[in-house]
Every structure is written in C-alpha cells, then in structure tokens.
Amino acid sequence: MDIAARAETSKSTVSRYLNGGSISQVTANRIRRAIKELEYQPNVNARRLVNSRANAIGIVFDDISNYIYGGMMAGIQSAAREFGYTCLFLSRASERALESESLSLFASSMVDGLILVTFAQRDPQDVRLLRESGLPIVLVGDAAGEAGLPTVDVDNLNGTQAEVEMLIRQGHRRIAYLQGPDNMPAAHSRQRGYLRALECAGIEADRNLIVRVNWTVKDAYRTVSRLVQEQSFTALVGSNASSTYGGLQALMDAGKRVPQDVAVAGFDDDPICEHTRPSITTLSQPLAQMGRIAANQLVSRIRGGPDNVCATYVLPTMMLRETTPKQESER
C-alpha cells in the first residue's frame with residue numbers, strides 16, 4: 001500500500017487507522033498527510049460505489065456528555081428516521097483528535113455521511129481536508145472560515161443584540177457584559193451582538209464594563225464580585241449559562257436586588273436558569289431545529305441533491321423570567 005510507504009508505517013497500522021482503530025497522534029498525522037498527498041479519498045468513494053449503502057449517518061460530537069447536545073441529537077435522529085437512516089453517535093476521543101479522522105467511517109462503509117458538531121474553534125487545515133474529501137459532510141458550529149461545506153449554527157450575534165436591546169428599552173444604559181473565552185467563536189459573535197446593540201442605541205461602550213470569564217460559575221462569581229465593587233451598572237449580560245448564574249449569585253451576595261437594582265440576562269437555557277431563584281432570563285438555543293436542518297442537508301447531499309453550500313443561522317428564543325422586569329405585554 002503506497003500510503004503505508006509514504007507515511008513510513010506498516011500496512012496494518014494504516015488499515016487500523018482507516019477502520020477507526022487507535023493509533024498514536026504522530027502516526028495518524030503522517031497517515032493523513034499521505035492520504036491527502038496521494039489523493040486517496042476518490043478511491044474510497046469508488047469503493048463505496050460498488051458496495052450497498054449503509055443507510056446510516058455518523059454524528060461526531062466534541063463531547064457527547066455535554067448536556068447542550070441532547071436536543072440536537074433528538075432533532076438529528078428524528079429527521080434521519082424520516083428518511084430511513086439510522087444514526088451512529090460518536091464522541092471524539094480527546095480534545096486533540098481531529099474531525100478528519102472521522103473519514104475512516106466512510107472507508108469502513110459504516111456511514112453514508114457525517115455531521116460534525118463542535119462549538120469550539122475548528123482547525124482551518126482540518127476543515128480544508130474535510131472539504132477536499134468530496135464526501136457528504138455538514139458542519140454544526142464554527143466553519144473556520146471555509147465556505148466549501150454547509151454549516152448550521154445558532155444566530156449568536158442577532159440573538160444577543162435583541163436581548164441587549166430589550167434591556168435598553170427598559171431604560172438601562174450601563175450594561176455590564178461577561179465576555180467568553182477566546183477559543184469559542186460563539187463568544188466573539190455574542191460580544192459583537194452586545195456592542196452592536198449599544199451602537200444602534202447611541203450608547204458608547206464602556207470597556208470597563210466588559211470583563212472576560214472562562215464560562216464557569218466560579219470564575220464568573222469571582223469576576224462579578226470584583227466588578228460590582230469597582231463599577232456601577234444596572235444590568236448584567238452573561239455570554240453563557242454558567243457565567244450568568246455565577247454573576248447572579250455574586251450580585252445577590254453583594255447585597256444587590258435582582259432585578260430591582262441590577263437586571264440579569266444570559267445565553268443558553270441550562271435547566272439551572274429556570275429553576276434557580278430568581279429564575280434567569282436567557283436565550284434558548286434551538287438545538288433540535290438545528291439538528292433537523294443539519295440532517296436534512298446531509299441526506300440531500302448523500303442522495304445527490306443540489307450542492308447547496310451555505311451557512312444557516314437559526315435565531316435563539318428569548319426566555320423572559322424573573323431576573324428582568326416584566327414587559328408591558330406580560331403585565
């Protein structure tokens with residue numbers, strides 16, 4: 001096998017890689033380079049053409065244990081079942097594992113297409129390898145700037161903008177913002193939504209009110225405890241559920257009444273948002289809808305439909321609860 005020679009490894013190791021077996025990261029990288037250099041993927045396609053279809057799609061998550069993916073899995077499975085496909089759900093073995101390693105599922109004829117799900121920042125080179133494979137693939141989350149694959153994501157920017165605009169309509173001008181981690185594309189989009197809402201309202205952004213948190217309760221609690229001592233603000237917006245909850249607890253422990261003294265709103269409708277007291281106003285990601293869209297796009301590609309490469313953004317739903325004043329329509 002030319003791949004084995006080019007990758008300076010054994011044929012059995014290449015076979016193990018192509019069939020999803022465990023090999024070292026260094027060897028996997030050499031094999032991937034050899035596959036790309038030798039343009040092996042078209043041969044995989046030819047092999048699949050002479051075999052019957054698996055009538056299955058593979059869905060690869062960065063961390064299948066993350067609660068946020070439950071609704072998406074249900075949406076994917078529901079749509080796939082309508083088309084007669086079963087689902088193979090997988091979780092990447094480690095943070096270092098690349099999504100292109102999932103291409104081995106095609107070589108083993110286990111699946112007819114892939115949905116790759118992560119809200120972390122993707123490796124542009126890895127996404128390029130996926131695109132160049134020519135296989136039916138749909139991305140959920142970040143696309144690493146690549147326009148060659150269909151992508152489905154929540155509309156982080158416009159969702160956050162609508163939420164901040166709601167606070168502005170309630171009279172808030174000094175709105176603190178908990179900015180998320182640099183390695184999460186959604187964090188950047190949500191911050192742009194916050195800044196755009198201020199700009200559209202003619203409010204100059206106060207950089208002292210924008211603080212970075214790592215999307216954990218503990219870090220947000222510590223950060224907001226310090227912020228409330230140093231700055232005055234009448235509203236706080238968190239960029240995910242954990243940071244919003246941590247910020248809420250810090251405000252209450254500092255003696256602030258919510259929402260009378262400080263209104264609070266966040267992103268991601270973790271169950272904690274509804275069941276804490278006061279319950280938290282937040283943006284709920286339409287995960288099941290996103291899953292259905294991704295599955296529909298993938299099945300279309302598998303069946304030779306129009307090669308409609310586009311990015312689909314789905315607006316989140318605002319869940320109005322006790323941490324923001326009631327709207328006139330609610331009274």
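This is a predicted model: local features need pLDDT of at least 70, side-chain atom pairs count only at pLDDT 80 or more; totals for chains, interfaces and linings use all residues.

Student: Which residues of α9 are buried?

Tutor: They are A186, A187, S189, R190, Q191, G193, Y194, A197 and L198. The helix itself covers residues 185-200 and spans 23 Å from first to last C-alpha, close to the 22 Å expected for its 16 residues at 1.5 Å a residue. After α9 comes G202, with a positive phi near 75°.

Student: How many residues of α8 are buried?

Tutor: Of its 14 residues, 10 are buried, and α8 is thus described as mostly covered. Those buried are N156, L157, G159, T160, Q161, E163, V164, M166, L167 and I168. Helix α8 comprises residues 156-169, and its end-to-end C-alpha distance of 20 Å is close to the expected 20 Å. Just beyond α8, G171 adopts a positive phi of about 105°.

Student: What is the strand order of the open sheet?

Tutor: Strands of a sheet pair through backbone hydrogen bonds, in parallel or antiparallel fashion. Here the open sheet has 6 strands in the order β7-β6-β8-β9-β10-β12, and the pairing is mixed. The edges are β7 (210-212) and β12 (317-319); each has a single partner strand, so one side of each lacks a neighbour in the sheet. On average, neighbouring strands are turned by 20° against each other, direction ignored.

Student: How many bridges join β6 to β7?

Tutor: There are 3 bridges, and the two strands run parallel. Within this pairing, Y177 has I210 of β7 as its bridge partner.

Student: Which helices lie on these strands?

Tutor: Helix α10 (residues 217-230) lies across β6, β7 and β8, and runs at about 145° to β7. Helix α11 (residues 241-253) also packs on the sheet, where it touches β6, β8 and β9, its direction making about 165° with that of β9.

Student: What describes the packing of two helices?

Tutor: Two packed helices are described by the angle between their axes and by the distance between those axes. For α5 (residues 70-82) and α13 (residues 287-302), the axes come within 7 Å and cross at roughly 40°. The crossing is right-handed. On the α5 side, the contact is made by G71, M72, G75, I76, S78, A79, A80 and E82. From α13, the contributors are L287, A288, M290, G291, R292, A295 and N296. The contact residues comprise 8 nonpolar, 5 polar and 2 charged.

Technical notes:
Residues are numbered from 1 along each chain as its sequence is written. Side-chain values use heavy atoms; hydrogens and water are left out. Axes are lines fitted to C-alpha atoms, for helices over the stretch in contact, and angles run from 0 to 180 degrees between N-to-C directions. Helices (H or I, at least four residues) and strands (E, at least two) are DSSP runs, numbered from the N terminus. A crossing is left-handed if the near helix is turned anticlockwise from the far one by less than a right angle, and right-handed if clockwise. Contact means heavy atoms within 4.5 Å. Ala, Val, Leu, Ile, Met, Phe, Trp, Tyr, Cys and Pro count as nonpolar, Asp, Glu, Lys and Arg as charged, and the others, Gly among them, as polar. Two strands pair if DSSP finds at least two bridges between them. The expected span of a helix is 1.5 Å times one less than its number of residues. Buried means under 20% relative accessible area, exposed over 50%, partly exposed in between (1.4 Å probe, protein chains only).
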